Structure formats: structure tokens, C-alpha cells
Amino acid sequence: MKPSIYGLTQEELNEWLVDNGEKKFRGTQIWDWLYQKRVQNFSEMRNLSKDLINKLEIEFIINPLKEVIVQESNDGTVKYLFELEDKHMIETVLMRQKYGLSVCVTTQIGCNIGCSFCASGLLKKQRNLTAGEIVAQIMQVQHYFDQREEDERVSHIVVMGIGEPFDNYDNVMNFLHIMNDPNGLAIGARHMTVSTSGLVPKIKQFAKLGLQVNLAISLHAPNNDVRTAMMVINKAYPLEKLMDAVDYYIAETNRRVTFEYIMLSNVNDRPEHAQQLADLLSDKKKLTYVNLIPYNPVSEHDNYQRSTKKDIVAFYDILQKNNINAVIRQELGTDIDAACGQLRSKQMKKKKEAK
């Protein structure tokens, strides 16, 4: 398969041009066609020579994604199922927020983290997505608005789709740099968030980069017993090691960390769990933020149920009394296969049944 040109940073594109006998400034022109004019074919790049266009067509493709399904929610959320060049499928979600248009991208085909409540891990990791395949998700969503002639642009990115982003570290970092490039889509670093289930070495590596990109931790439990039952990764990186990495990140960056906490009835939502969580974060109050997430049930994980609204509010109140910054996440897209991985899982089942 040819790689997507979206996977090149501007510096890498310039190097490729020079190595192929072209002038470096052509990189600025190509970048403009890709991210400002947002063309879909190299032949549309009218200020390039036919020879250069031919070189580009031999070496690269632009968009590696084929749109399979688009589901639009009553609240404006849009969920996309894309097919890649090798026929694997991924999901991408557009969410309309008060602060702008936010897109949640996928970074792997399948996931090896094995969280027991998650639809994403129903398919084990097949491979990492390339930087170009991750960038293409953002570009597909932007084209969605361009085609409708709507004057809207993607303003925020969350790297929280299928897969563990830090298990595909280099490609995800390239993706962030490409999205942040002032000559491209110019999405501000502080408007991007990367979520990890807790790969401790990568959290520390990420801290050293000096990026302004936000970090979120998929915590989901306040003690090792509960977290290990929910998330196998806790065996390798228990809470003691994870919190040490968070402390390191805060010391290096002085940036706030968000803790994602999915609310599961009678699993991690009891008052004692709330107090344990408050105690766990007590020394990080000023630079931590807890996001309480109502659970979207997954048919394959029917042993889990969502917490009641009453229990979520009671949990929230305990955190507040302990001066822990917290919010109950607004639910979006509940009428369109809300849980990450559900749409892909349904489509895969249909393919199997058709055979």
C-alpha cells in the first residue's frame, strides 16, 4: 500500500522533495493544497509541474479512508465508520461542544489493553494506524463540512478512540505535530487531548516533550483490586507506579491532568470508592480534574450496568466535599451506537452473517 502524504510533517515533506530533485519551497505549496484548499487529488495542485505531480502520484495517496457509514445523532454528534486500504475498519466521532467542533480519533485497529467493560477491545490489536491514517480522520470530518459549504472547522481533537495512543507513540506524536502546524489546520496544542490507560514509561516520555497538549488518564477505579479486575494493564502498572508517573508529568509540565472515570453500578460507584478516589488525588488537587462518565452498555459485556443518576451525583458530591475538581460528562450521541467500537463491531457481525 502507498502511504498517505498526510503522514508527513512539513519538514519531512520538504526533505522528500529535495531528495527527489525538487525545490524545497514546493513543500509550502503542497501543504497549502492539502490543508487550506483541501484537495483530494494531486492533479488539482495547479501550480505544480506535471513531473512533480507524477512523482507524488507514484509515491503517495492523499486520503486512505473510504466512508462506509455515517450516523448523525439528534444532538448533532456524527459517527463515522471508515474502511482502510487493507479493508480494516475504524471509527471516528465528531462532537458539537459549546467551545467548538471536537473530533475523537482512532489510533489502532483493535486494542490489546483488554479493559473488561470496553467495546474497543473486542477485537485484539491488528496493527497501528499510520500518522497519515490518523490525520485523514480529521480531514474527512473537515471535508464533511466543506462539501456542505458550511463555514465550520474542526477546532478540538481528542485522541480517545479505538486503541491505546501511547502504544502507537511515534505515529500519534507526528499526528499532533501535523495538526498543530501553523500552516496547516493550525489546531492549538491546548485544544488537543491524548488519553492513555496508563503506560507509565510513555507518560514520562510525553512529559519531556514540552508540548502544551493535554493529558488524560483512563483511571476508572480508586484502588488496585477494582482496577485490576477492570483493566489488565494495572497488573503491569499498578496505581502506585501510575501516580508516580502522574507526579512526574505534573512536575515537568506544571499542567493539569484529567482522570477519566467510567461509572459502573456496584463496581466502582459506591461512596467508599468516591472517598478512596479523593484520597488518591488529595496531593494533586490543584492540577487534577475528574471526568465522571455515564457508562454506555455494550452487549458483549452484559455483566456491567451503568450507575444510576442518583449514585453518580452522590459520588460527585463526595469529591466536591473533598475539594476535588470534578464534572459529570454530558452525554452525546446516545442514539447512534454511543460506545466507542460499537459501530465497527456491529458492521463486522453483519459481514460474518452475510458469509
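The model is predicted. The domain assignment gives domain 1 as residues 5-59 and domain 2 as residues 66-354. Their centres, taken over C-alpha atoms, are 33 Å apart.

**Extent of the contact**

- Domain 1 puts 12 residues into the contact, and domain 2 puts in 16 residues.
- Between them, the two domains bury about 1100 Å².
- Carbon and sulfur atoms account for 58% of that buried area.
- On the domain 1 side, the residues that lose the most area to domain 2 are Tyr 6, Tyr 35 and Arg 38.
- Together, Tyr 6, Tyr 35 and Arg 38 make up 47% of what the domain 1 side buries.

**Salt bridge and polar contacts**

- One salt bridge is found across the interface of domain 1 and domain 2.
- Arg 38 forms a salt bridge with Asp 146, and their closest N and O atoms are 2.6 Å apart.
- Arg 38 is therefore within the 4 Å cut-off that defines a salt bridge.

**Make-up of the domain 1 side**

- Helix H1 (10-19) and helix H2 (26-35) are the elements that give two or more residues to the side of domain 1 that touches domain 2.
- H2 gives the most to this side, with three residues.
- By class, this side of domain 1 has five nonpolar, five polar and two charged residues.

Key: Residues are numbered from 1 along each chain as its sequence is written. This is a predicted model: local features need pLDDT of at least 70, side-chain atom pairs count only at pLDDT 80 or more; totals for chains, interfaces and linings use all residues. Side-chain values use heavy atoms; hydrogens and water are left out. Domain bounds come from an automatic or database domain assignment. Contact means heavy atoms within 4.5 Å. Buried area is the accessible area (1.4 Å probe) that two parts lose on being put together, summed over both. A salt bridge is a side-chain nitrogen of Lys or Arg within 4 Å of a carboxyl oxygen of Asp or Glu. Helices (H or I, at least four residues) and strands (E, at least two) are DSSP runs, numbered from the N terminus. Ala, Val, Leu, Ile, Met, Phe, Trp, Tyr, Cys and Pro count as nonpolar, Asp, Glu, Lys and Arg as charged, and the others, Gly among them, as polar.
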